[in-house]
Amino acid sequence: MAILSRSEAKRILDKVLKYSRADEASAQLAGSETGNIRYARNSVSTSGIVNDIELAVEARFGKKSGVATINEFSDASLEKVMRRAEELAKLSPENPEAMPMLGPQKYVSVDGFAKSTADITPDQRAKAAADSIIAAKEKKVVAAGYLEDERSFAAVATSKGLFGYHASTSANFTVTMRTENGLGSGWAESDVTDFGAMNTGNTSSVAIDKAVLSQEARALEPGKYTVILEPNAVSGLVGYMMSGFDARSADEGRSFMSKKGGGNRTGEKMFDKRVNFYSDPTSLDVPAQPWTDDDFMQLGRIEWVKNGVVKNLARSRYWAEQSKGEVVPEPNNLIMVGGDKSTEELIKNTRRGILVSRTWYIRMVDPQSMLLTGLTRDGTFYIENGKIKYPVKNFRFNESPVIMLNNIEDMGVPQRVGMWGMSAMIPALKVRDFTFSSLSDAV
């Protein structure tokens, strides 16, 4: 029962809302069937399938709110969960920022469901793992990987007539390859809607090459370097930066988007003119749920940065009312416009620089400048005269993505990557004067 049709979901939501005695009520119904296979040391360790479905009900009396959840859907159970939410609402303190629940919304149609992913079998998962393990054994490296596939649905409704339904599929594969001597490491990811587009053998080959090439790394002096950041290296930095695209924190002087003297920096040119960010749930590359998780606002295409100029900051309904601005919902995906070059072409056009495969352990240093610190990992290489010369030890970096996006020299073709719990299209970037602050002995 984990996956319900539109009509089945609507029937349950309509029924539970009819039991409401509150001033306002909403209900969210979500279900998924998730399969996985995990392996380490070139051997499968676990696999399984998880089915789950849950109904969450919110009841409101004025600005008091209570939420209760249940995974049973008999009439008695539906009435019980509504009564429980109402009891909790009466006991709760008032939320001064509560906004009225929404009525009908015009949700865009999203093509985010692939039959090949929905119908994946245990044999297909086993083959996907085998293709990776066989590739590792052929190159005498050790593989550890995880494949997870999911088909899911979400449905929402309010007592004011709102209703939405969205079905989706996804498959994510990540793998780490280590050389047998432990001196080389490589990592790669494949994130897709359609499992038919995934080739775990090819993805594994990328990680294998990085592992083999990264052995016997040499130490370079920390400092400012021209770097080529692959998409997974860019995504961690950009993900942090986009979390600061929030109107309230900017207006209150708490972020790098705050303007001196008050207000925010919407309308200012803050990045290289080639920098463009937007979100769009109907994207065929990274389709997404067409409403927000918190209050079910409809989502469409939103320009965040255009030609280096900040066009929008996320603004909740409450903050829009307080600041007399327009509501701008938070996105469920992100697309960064890139160039037309492959990573290999970016390397070929680099006289001296460093290739960074991946960034991790990223932490905030200063929210006012968006200064971040983190580490490189899984393959860091010195480039000379358009070729990878030798592997180098990993670095700790101290860098602001705002500065990084002002120092762009070239851009690659965007690729789909995971970023902060959502899918994104991110290009590789060639950036000058990237700051490495110290060395790390970790592989």
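**Close-up views of a predicted model**

**View 1. The second largest pocket.** In this predicted model, the second largest pocket holds about 850 Å³ of space. A pocket here is an open set of points on a 1 Å grid over the protein atoms alone, where a 1.4 Å probe fits, with protein on both sides within 12 Å along at least five of seven lines. Its volume is the space filled by probe spheres set on the points. Lining residues have an atom within 4 Å of a point; there are 34, and Glu189, Val206, Glu230, Pro231 and Gln415 come closest to the centre. Elements giving two or more residues to this lining include strand S6 (185-192) and helix H5 (200-213). Helices (H or I, at least four residues) and strands (E, at least two) are DSSP runs, numbered from the N terminus.

**View 2. The six-stranded sheet.** Follow the open sheet in the order S3-S2-S1-S4-S5-S6, with antiparallel pairing. Strands pair if DSSP finds at least two bridges between them. Strand S3 (64-70) and S6 each have a single partner strand, so one side of each lacks a neighbour in the sheet.

**View 3. Where S5 meets S6.** Eight bridges join strand S5 (residues 163-179) to S6 in the antiparallel sense. Look for Met177, whose bridge partner in S6 is Gly186.

**Notes.** Residues are numbered from 1 along each chain as its sequence is written. Local features need pLDDT of at least 70, side-chain atom pairs count only at pLDDT 80 or more, and totals for chains, interfaces and linings use all residues, while side-chain values use heavy atoms, leaving out hydrogens and water.
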